[in-house]
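Please read them with the structure open beside you.

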Amino acid sequence: MNNYGAILDDIGFEKCLDQLMTEVVNPLTTLLFPHIGLCDSHHGFLVEYKIGKDLKLDFHVDDSEVTLNVCLGRQFTKGDLYFGGVRCMLHQQTPPRSDENIYFQHEPGVALIHLGKHRHSAGAISSGQRLNLILWCRSSTFRSDHDLSDCPDWCEYD
């Protein structure tokens, strides 16, 4: 994980992030990922990528049903986000298919929303500084209704 940044819920941003989840993430989740249902809790944090600090983040999944990633800015080069397929717990280590490889060039002021189980990484920046607000949104209903020992319909493993 990242070594530089701040956990926003711990420093007074909980109400603001609740509102962001309720008024922005939940309506988008209903449209884009209806199988998730409504999110009812979150973990919000800032991450910083900079020469001499963290440059990248390795391939992983988030501890969320839905993640909002907002590039807050500064100037930077490189550091594309890579997405490599949505997987359940049983298939997280399987290789992505060629049609699952997605690259996204983040830029200040742009937000990205994705399933927490959409495997992804952040490539290394080569100059500058990138700051991102990350909001992991969780659904207690989704978590209680899904048996993690079975491969669900939403898993894209063939």
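1. Strand β6 (residues 81-86) runs antiparallel to strand β9 (residues 118-122), the two being paired over 4 bridges; strands here are DSSP runs of E with at least two residues, helices are runs of H or I with at least four residues, and both are numbered from the N terminus. Two strands are said to pair if DSSP finds at least two bridges between them.

2. On provenance, this is a predicted model, in which local features need pLDDT of at least 70 and side-chain atom pairs count only at pLDDT 80 or more, while totals for chains, interfaces and linings use all residues. Residues are numbered from 1 along each chain as its sequence is written, and side-chain values use heavy atoms, with hydrogens and water left out.

3. The pair β6 and β9 belongs to an open sheet of 4 strands, ordered β3-β9-β6-β7 with antiparallel pairing. The edges are taken by β3 and β7 (101-104), each of which has a single partner strand, so one side of each is left without a neighbour in the sheet. Neighbouring strands are turned against each other by 20° on average, direction ignored, where axes are lines fitted to C-alpha atoms (for helices over the stretch in contact) and angles run from 0 to 180 degrees between N-to-C directions.

4. The whole structure holds 8 salt bridges, each defined by a side-chain nitrogen of Lys or Arg within 4 Å of a carboxyl oxygen of Asp or Glu. One of them joins the side chains of Arg138 and Asp63 at 3.3 Å, N to O, and links distant parts of the chain, since Arg138 is in strand β10 (residues 125-138) and Asp63 in the loop between β3 (57-60) and β4 (66-73), 75 residues apart. Arg138 is buried at a relative accessible area of 17%, whereas Asp63, at 38%, is partly exposed; buried means under 20%, exposed over 50%, and partly exposed in between (1.4 Å probe, protein chains only).

5. A salt bridge also connects the side chains of Arg143 and Glu65 (3.0 Å, N to O). Arg143 lies in helix α2 (residues 140-145) and Glu65 in the loop between β3 and β4, so this pair ties together parts 78 residues apart in sequence. Glu65 is buried at 6% relative accessibility, and Arg143 is partly exposed at 35%.

6. Glu100 forms a salt bridge with Arg97, with the closest N and O atoms 3.4 Å apart. Salt bridges that share partners join Asp63, Glu65, Arg138 and Arg143 into one network.
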